[in-house]
Amino acid sequence: MADGVEAELKVAVDAAGASRVARLVALPGLEVTAKGDKRLVSTYFDTPDLALRAKGISLRLRRSGRSGEQTVKFSGTFSLGLAERPEFNVPYTGRVPDLSRLPEEAAAELTKLVDGRPLVPLFSMRVTRRRWDIATPGGDRIEMALDRGTATAGSRRADIREVEFELQSGDRRALFEVARPALAGIAFHFSTEAKSDLGYALLEGEIGAAEPTTAVDADLDDDMSVEMALQLVLRSCAGQISANVAALRVGDDPEGAHQLRVGLRRLRTALKIFASVMAPGAADSLAAEAQRFSSEVAATRDMDVLIDELVMPLGDGGDMTALIELLEKRRRLARVRLAAVLADASMGDFLIDLLAFTEARGWLSTDDIGQSLGLAAPVEPFAEHIIGRLRRKVEKLGRDPEALSPDERHELRKRFKRLRYAYDFFEPLTPKSVRRKLLPRVKAAQDVLGVLNDIHMAHLMLDDVRAVGPKANAVERAIGYCLGWHSARAKVIWERRSDDLSLD
C-alpha cells in the first residue's frame with residue numbers, strides 16, 4: 001500500500017509449507033488471480049550508529065529487473081503477525097538512498113534524524129516473490145505473497161520463507177478470511193518481526209532457532225478502558241501460544257510444552273475473566289479449542305515432570321535406570337503425538353481464529369446496545385471486581401483444608417491458578433500493598449498445590465506402568481520406591497501447608 005498505512009498479516013512457514021503455498025491455484029469462495037514471480041533484491045541502510053533502527057524506521061532500496069524503488073517504513077504497531085506501519089514508496093534506481101525523493105514530511109523527518117551522517121548498507125535480502133490477487137465476496141482485496149530466499153549480513157546468512165497477506169482495499173478482517181483457507185494444513189507461526197528486524201538480528205549474530213518463551217506482560221495502565229485491556233491481554237496470551245508452538249515444532253525442550261500449556265491456560269482464564277463484556281458465546285469455540293490443545297500438551301508435559309522432576313532425582317536412592325528407560329519410550333510417543341497435533345490443520349485454524357478474534361474485536365455483539373458501556377468503562381474498577389471475586393472463591397473452598405478431598409484440592413489449585421493469572425494480567429493496576437503481600441502468598445499456595453498435584457499424577461501414571469521381560473522386577477522395585485518416597489514427601493508438604501494456603 002503506497003504512501004499510506006500498510007496493513008498486513010505475515011507468517012513464517014517451513015520448506016514443505018512454502019512448496020504447498022507455491023502451488024496455490026484456487027480458494028473456496030474467493031476469487032484468486034495469480035500474478036507470477038518477481039526476483040527482488042533489497043538492501044537496507046542506516047547510519048553507522050543505527051539511528052533509524054533506534055526509532056523503529058527501516059530504509060531500503062529494492063531492485064526487480066531494471067526497475068527499482070526506495071521505501072521507508074516508520075514505526076507502527078506489530079502485534080504477532082499483524083503489522084500496521086506508515087510506509088512511503090518512490091520509484092528510484094540509484095545505489096544509495098536519496099531522501100529528497102521521498103514525500104516532503106517523510107524526507108524532513110529522516111533528514112533531521114540522519115543529521116548529515118552517511119547512510120551505509122548493512123544487510124541485503126534476495127527473494128523470489130510469488131503473488132496472487134485475492135478478492136472476497138464482500139469486495140475486499142488482498143495481495144498474497146510468498147517470499148523464498150536468503151538474508152545476508154556479512155558472512156552470516158538466514159533463510160527466508162514467509163507468506164504475507166497485505167490489505168489493498170476493504171476491511172482488515174478480510175486478512176483472516178483469506179489466510180485461513182490459504183494456510184489450511186500448513187504448519188506456520190506468526191512472524192513477530194519485520195524483515196528489517198531479521199536483518200539487524202543477523203547483523204548482530206542473534207539469529208537462532210525458535211526457543212520456549214514466557215508470557216510478555218500485557219502492560220496495562222489505569223487510563224485504559226476494559227476493551228483496551230482485553231485486547232492487550234489476549235495479545236499477550238496469543239503471543240505466548242504462537243511462540244511456543246513454533247519452538248516445539250523445531251525442538252523438544254520440555255520448557256516449550258510447559259510454556260505452551262501455560263499460554264493456553266492463561267487464554268482460557270482471560271476469556272472467563274472478560275466474559276461479562278463479551279457477546280454471549282462469542283469465545284466459546286476458542287475456549288473449547290484451547291481446552292482441547294491443553295489436554296494434548298498435558299500428556300507430554302506430565303511425562304516431562306514425571307521423568308525429570310520426580311523419578312530422575314531419586315537415582316541416588318535406588319536404581320531408576322530400567323524405569324527411566326521405560327518412561328522415556330512413553331515420552332517419545334507422547335512427543336510424536338504432540339508433534340502431529342501441532343502440525344494438524346486445526347492448530348493453524350486456531351491460531352488464525354485467535355488472532356482474528358483479538359484484532360477484529362470478535363467479542364462485539366450485534367444487538368446488545370449496553371455492551372459498549374461495559375467495554376468503554378475504566379479498567380481499574382473492573383480489575384478490582386474480578387480479583388475480589390476470584391479471591392472470594394479461593395477463600396470459600398480453602399476455608400478448611402483438612403476437609404478437602406483430593407478432587408477438591410485439585411479444584412482449589414485451579415482457583416489459585418486463575419487468581420494468579422488475574423493478578424499477572426492486572427498487576428500494574430493493583431495497589432503496591434497487594435503486590436507486596438498477597439501476590440507472593442498466591443504464588444506460594446500455587447506452588448504447594450502444584451507439587452502435590454504432580455505427586456498425585458505420578459501415582460496415577462506409575463500405577464499404569466506394566467513391565468515385562470528381564471527388567472520387570474527392577475522396574476517394579478523402582479516404582480515402589482518412587483511411590484513410597486513421594487507419598488512421604490506429600491504428607492510432609494501437606495502438614496506444613498497451612499500458612500501457604502492462607503490469604504489473610
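Me: Are Phe-382 and Phe-426 buried or exposed?

Reply: Both Phe-382 and Phe-426 are buried. Buried means under 20% relative accessible area, exposed over 50%, partly exposed in between (1.4 Å probe, protein chains only). This is a predicted model, where local features need pLDDT of at least 70, side-chain atom pairs count only at pLDDT 80 or more, and totals for chains, interfaces and linings use all residues. Residues are numbered from 1 along each chain as its sequence is written, and side-chain values use heavy atoms, leaving out hydrogens and water.

Me: What makes Phe-382 buried?

Reply: Its relative accessible area is 12%, so Phe-382 counts as buried.

Me: What makes Phe-274 buried?

Reply: Phe-274 has a relative accessible area of 0%, so the term applies.

Me: How many aromatic pairs does a search of the whole structure find?

Reply: The search finds 9. Rings of Phe, Tyr and Trp (its six-membered ring) pair if their centres lie within 6.5 Å; planes under 30 degrees apart count as stacked, over 60 as edge-to-face and the rest as tilted.

Me: Why is the pair of Phe-274 and Phe-382 called stacked?

Reply: The ring centres are 5.3 Å apart and the planes meet at 20°, so the pair is stacked.

Me: What is the pair of Phe-382 and Phe-426 called?

Reply: Edge-to-face, with 6.5 Å centre to centre and 80° between the planes.

Me: Which residue lies over the face of Phe-293?

Reply: Arg-292 does, at 4.5 Å from the ring centre. A charge sits over a ring if NZ of Lys or CZ of Arg is within 6 Å of the ring centre and within 35 degrees of the ring normal.
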